[in-house]
Amino acid sequence: MTSSSILQSGGISMSFGAYKVLDDISLNIAKGEIVGILGPNGAGKTTYMNLLTGALRPTGGQVFLMGEDVTRLDTAERCHRGLARTHQVPKPFLHMTVFENVLVAVHHGRAVQPANPVMEAWMVLKETGLAHAANRTAETLGLLDRKRLELSRALATDPKVLLLDEIGGGLTEAEGDALVALVKSIHARGVTIIWIEHIMRLLMETCTRLVCMAEGRVLADGTPEQVVEAPEVQTAYFGAAA
Amino acid sequence: MSTPSLTITRSGPTAHVTMTLLAIAAVAIAVIPFVLGVAGSGRAVALLVYILLALMWNALAGFAGLVSIGQTLFFGFAAYTTIRLSDAGLDPFLAILASIGIGAALGWVTSLFMLSLKDGEFAIGMWVLSSLAHLCVNLDPLIQGETGISLIQMNAYALETRSALILWLALAVTIAVIAAMLLLLRSRTGAAITAIRDDELGARSIGVDVLRTKRIVFVLAAAGTAAAGALWLASASNFQPRAFFGVQWTAYMLFMVLVGGLGRIEGAIIGAVLFFAIETWFGAYGAWYLVGLGAIAVLFALLLPKGLWGWIGPRLPGEAIPTGYIIEKSDI
């Protein structure tokens with residue numbers, strides 16, 4: 001493990017019964033990276049994220065967060081240590097307002113309570129562009145705004161590492177550009193980002209590094225250009241289209 | 001340059017009206033001993049006990065997602081400890097208060113192993129614990145099995161005096177429980193409880209300590225349900241284990257909360273008032289009364305699955321019992 005490693009999975013594996021979803025994934029994420037993870041459906045990307053955050057316990061291997069073995073810690077404890085995520089299918093608190101959704105995250109997601117939680121929650125909504133909907137209940141939001149709320153809540157926990165699970169689906173060209181700018185500005189504050197995404201353009205424009213997964217293994221790992229041009233990636237990921 | 005400001009409000013006109021109505025209701029109940037006498041006081045205690053049971057079952061099922069069919073554990077055990085402590089020489093009113101504390105303690109101990117159980121296991125597990133407590137109580141020679149025993153120590157007070165005191169104690173406990181629920185739901189922990197109600201996984205992933213939060217609700221529900229049991233005993237003055245550990249109480253709790261509206265304090269109160277009204281008017285019809293209750297529950301499940309408050313609440317301009325935050329204005 002290098003000294004700059006902020007999140008690391010050591011030989012992590014996951015099986016559901018006899019079905020092996022992830023096989024010996026070892027990745028080292030350095031502080032300050034924006035790592036994109038791509039791969040065909042069923043590659044194990046979301047399972048991998050669930051193992052990193054503690055939503056699932058791996059059947060083998062370990063997870064380290066800032067050098068600490070967090071494999072046995074649950075999601076909430078990892079969140080307090082600075083690891084936040086968004087869910088591919090948003091999990092809003094439907095009967096609370098957008099503002100209250102974010103305020104819960106400020107109140108409970110941080111290791112240290114801020115002096116003014118209400119203001120912190122408001123600033124997050126300003127940043128993600130949801131402030132106009134602050135008083136609406138989450139059930140009235142459409143899918144795009146629900147994804148924004150997911151991101152807002154994750155940010156409200158003041159993360160050091162942020163895991164994004166397909167927040168870019170269904171965006172228009174302009175909305176995609178805005179998302180890229182937002183992710184870059186979050187990154188500029190010193191947040192390390194891991195982003196699972198199907199939309200290649202978003203990853204190419206944002207990431208400093210790409211990892212391609214297929215069938216529970218890492219196929220390629222490098223700069224976006226290297227990974228996209230790797231022959232095994234061409235076959236696994238674009239094979240169907242060719 | 002002015003400092004940026006953000007104005008939030010946590011209450012509104014609807015809340016003020018509701019609080020005024022609740023205060024008027026509390027005063028009306030408090031003067032019942034002078035107006036309606038002993039019989040009226042007894043019925044009012046019944047209403048307050050129903051409200052307590054509905055509030056507490058709603059807190060468990062509606063907020064913490066803990067569906068228990070064995071809350072009679074706390075209801076029955078508190079009645080038993082009230083008998084036991086009174087028999088040991090404690091003033092019966094102090095015995096009631098002590099039993100509420102014992103109920104909370106029993107809730108905390110129970111939570112240590114029950115909260116790790118999953119939905120169905122938890123529900124049935126609570127019922128098993130309640131049945132177990134029922135059996136153990138029957139083993140106490142003082143209780144004489146299902147023959148039961150009277151809270152004779154209450155006879156130290158004249159009938160009019162004790163019926164009024166029991167009612168006022170029940171009223172004070174109910175107000176305290178509603179206030180506690182309101183303070184809790186408006187606090188940091190309360191927002192976490194509401195978040196768990198809406199999406200437990202989502203709450204977990206933003207750092208909410210789900211187990212700790214559920215434990216707080218569970219212990220509160222244990223204390224409130226114990227209070228209801230001790231007060232019911234004081235009012236009925238006769239302790240027969242079957243009448244306190246019986247499964248009918250679970251059915252009543254379910255009925256009140258589902259008809260009133262799961263997950264809202266207002267719903268629990270309305271459900272309890274409705275149940276009380278139905279019992280008052282139709283309770284004498286025996287089996288047909290129970291058939292009617294069942295039919296009403298089925299109708300609500302089919303036509304108004306969110307209960308009465310699920311229909312009324314969204315039609316009001318703001319929350320009746322306010323727990324949320326509204327952003328008024330901001331220049332940021």
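In the predicted model, Leu65(A) stands opposite Glu68(A), a residue of strand 5 of chain A. Strands 4 and 5 of chain A are joined as a hairpin with two residues between them, and the two strands pair in the antiparallel sense over two bridges. Met66(A), in the turn of this hairpin, has a positive phi of about 50°. Most residues other than glycine have a negative phi.

Strands of a sheet pair through backbone hydrogen bonds. Strand 1 (residues 5-16) and strand 4 (residues 60-65) of chain A run antiparallel and are joined by five bridges. Within this pairing, Gly10(A) has Gln62(A) of strand 4 as its bridge partner, while Gln8(A) is partnered by Phe64(A) of strand 4.

Glu166(A) is placed in the loop between strand 7 (161-165) and helix 6 (173-188) of chain A. The relative accessibility of Glu166(A) is 13%, and Glu166(A) therefore counts as buried, the limit being under 20%.

The largest nonpolar core contains 92 residues, of which Tyr50(B), Leu55(B), Phe239(B) and Met256(B) touch the most other members. Helix 3 (residues 37-63) of chain B supplies the largest share of this core, with 18 residues. Beyond its neighbours within four places in sequence, Leu55(B) is in contact with Val177(B), Ile178(B), Ile265(B), Ala268(B) and Ile269(B). A second, separate core has 63 residues, including Val98(A), Ala105(A), Leu151(A) and Cys207(A).

Helix packing in chain B was examined for helix 13 (residues 265-282) and helix 14 (residues 287-303). Two packed helices are described by the angle between their axes and the distance between the axes. The axes of helix 13 and helix 14 of chain B come within 10 Å and cross at roughly 150°. Angles over 145 degrees count as roughly antiparallel, and helix 13 and helix 14 of chain B are therefore roughly antiparallel to each other. Their crossing is right-handed. At the contact, Phe275(B), Ile278(B), Glu279(B) and Phe282(B) of helix 13 of chain B meet Tyr289(B), Leu293(B) and Ile296(B) of helix 14 of chain B.

Leu94(B) is found in helix 5 (residues 92-114) of chain B. With a relative accessible area of 48%, Leu94(B) is partly exposed. Leu94(B) and Met56(B) are separated by 38 residues in sequence and, C-alpha to C-alpha, by 22 Å in space.

Methods: Residues are numbered from 1 along each chain as its sequence is written. Chains are lettered from A and ligands numbered from 1 in the order in which they are written. This is a predicted model: local features need pLDDT of at least 70, side-chain atom pairs count only at pLDDT 80 or more; totals for chains, interfaces and linings use all residues. Side-chain values use heavy atoms; hydrogens and water are left out. A nonpolar core is a set of buried Ala, Val, Leu, Ile, Met, Phe, Trp, Tyr and Cys residues joined through side-chain atoms within 4.5 Å. Buried means under 20% relative accessible area, exposed over 50%, partly exposed in between (1.4 Å probe, protein chains only). Helices (H or I, at least four residues) and strands (E, at least two) are DSSP runs, numbered from the N terminus. Contact means heavy atoms within 4.5 Å. Two strands pair if DSSP finds at least two bridges between them. Axes are lines fitted to C-alpha atoms, for helices over the stretch in contact, and angles run from 0 to 180 degrees between N-to-C directions. Angles under 35 degrees count as roughly parallel, over 145 as roughly antiparallel, 65 to 115 as roughly perpendicular and the rest as oblique. A crossing is left-handed if the near helix is turned anticlockwise from the far one by less than a right angle, and right-handed if clockwise.
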